[in-house]
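Look at the fold below before reading on. The text then walks through a few of its features, one at a time.

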Amino acid sequence: MKYHILPLLLFIASVSAAQDSSDKKSLTISGYADFYYQYDLNNPSSKDRPGFLYNFKRHNEFNVNLAFLKAAYNEKRLRANLAFMTGTYPQYNLAAESSLMQHVFEANIGYAFSDKWSMDAGILPSHIGLETAISKDNWNLGRSILAENTPYYESGVKLNYIPNDKWSASVLVLNGWQNIKENNSRKAIGTQVQFKPNDKLLFNSSTFVGNEKPDSVKQTRLFHNFYAVYSSSKKINLAVLLDAGVENKKGWYGAALLLQYLCGQKISTAFRLEYYSDKKEALISANQPGGFQTTGLALNLDYTPVKNISFRAEARYLHSANAIFEKDGLAKKNNFSLLGIVAVVF
């Protein structure tokens, strides 16, 4: 597998020089990489995992899912982030972007007008969903179907309002649904509201409204994401995820239940039960009567001997109402995979 690493090398050189000449308290250089091996017991001939999954994509192959180097600047009211990446995650998840922009993980600048109001602009992390592109930050190692089929990143302007410690809200004007480059003349609108009544509870509501087709088609996509996180103790965390959307009279929805147990400071485990329905194939093409209807189970075990290194392993089972998976060249309804990674933060 071939990666274009010149942008990453140029970035390393530029941020290293900048750090030598800048106030080190204002500029922070960091990095992340996760190395993985995955075995799909269906033994797909293409070596690729199912088309609706974008992380840890390759079967029976040692590879890099995501590696990035990031420069973050914070001083008084101004902030900025610039990060370049490589790996199979950008190769598959950013395939629609230009070859250069496929390596941009973040590129944004922000300004705080006051303690309550701020604005960010550029290529930003998505305002939708609990799971992120960074494996170490997720309870489960493999992403849920909900996360894999909603944006991981977005390009636009974000206005933030934090009135107090319990509430926060954002309004976004975006190029589109996980778009860096624009694909039509119309902009999308997003919102996010979070409510944290206490240290144990968090509620999130995120929306998206926009046209993802060319101007000649004009099909408005309406989408809502909700999740709630409950920490019953220092060891047990519970999360409920709900997605629902409609476009051109084609609706889809998904739900997931996540349970995390912290066995100690170094060992943790997590379980996920999920269901996703896209019967009219608005987002996921199944090419089957009844479209895409899939249930999933995932169980992982994590070991973090030091804060900079994590060892994670996961077993995942997927069952579809239709034969959408491939096994030795034949269509099957079931899929089982084993995944292991080493994640390094520096």
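This is a predicted model: local features need pLDDT of at least 70, side-chain atom pairs count only at pLDDT 80 or more; totals for chains, interfaces and linings use all residues.

Start at Asp 34. This residue sits in strand β1, which spans residues 27-40. Asp 34 is buried, yet has no salt bridge. Which side chain of opposite charge is nearest to Asp 34? That side chain is Arg 143, 5.1 Å away.

Polar partners are present, however. The side chains of Asp 34 and Ser 135 make a polar contact of 2.9 Å. A polar atom of the Asp 34 side chain also lies 2.8 Å from the backbone nitrogen of Leu 66. Both Ser 135 and Leu 66 belong to the contact list of Asp 34, with sequence neighbours within four places set aside. That list also includes Phe 56, Asn 63, Val 64 and Asn 65. Ile 341, Val 342 and Ala 343 are on it too.

Now turn to the nonpolar interior. In soluble globular proteins, nonpolar side chains tend to be buried together. The largest nonpolar core here has 27 residues. Phe 52, Ile 145, Phe 208, Leu 241, Tyr 276 and Phe 292 have the most contacts inside it. Helix α3 (145-148) gives two or more residues to this core, and so do strands β7, β10, β11, β12 and β13.

Beyond residues up to four places away in sequence, Phe 292 touches Phe 52, Ile 145 and Tyr 276, among others. Its contacts also include Asp 278 and Lys 279. A second, separate core has 23 residues, including Ala 83, Leu 94, Tyr 152 and Ile 341. Ile 341 is also one of the contacts of Asp 34.

Next, the strands. β8 (188-195) and β9 (201-211) pair antiparallel over seven bridges. They form a hairpin, with five residues between them. Gln 192 has Ser 206 in β9 as its bridge partner. β9 also pairs with β10, again antiparallel, over 11 bridges. There, Leu 201 stands opposite Tyr 230 in β10.

Finish with the backbone. Most residues other than glycine have a negative phi. Lys 47 has a positive phi, near 70 degrees. Its place is the loop between β1 and β2, and it is partly exposed at 30% relative accessibility. Asn 287 has a positive phi of about 55 degrees. Asn 287 lies in the loop between β13 and β14. This residue is exposed, with a relative accessible area of 67%.

Notes. Residues are numbered from 1 along each chain as its sequence is written. Side-chain values use heavy atoms; hydrogens and water are left out. Helices (H or I, at least four residues) and strands (E, at least two) are DSSP runs, numbered from the N terminus. Buried means under 20% relative accessible area, exposed over 50%, partly exposed in between (1.4 Å probe, protein chains only). Lys and Arg count as positive and Asp and Glu as negative; His and the chain ends are not counted. A salt bridge is a side-chain nitrogen of Lys or Arg within 4 Å of a carboxyl oxygen of Asp or Glu. A polar contact is a pair of N or O atoms within 3.5 Å; within protein, one must be able to donate a hydrogen and the other to accept it, and residues adjacent in sequence count only if both atoms are side-chain atoms. Contact means heavy atoms within 4.5 Å. A nonpolar core is a set of buried Ala, Val, Leu, Ile, Met, Phe, Trp, Tyr and Cys residues joined through side-chain atoms within 4.5 Å. Two strands pair if DSSP finds at least two bridges between them.
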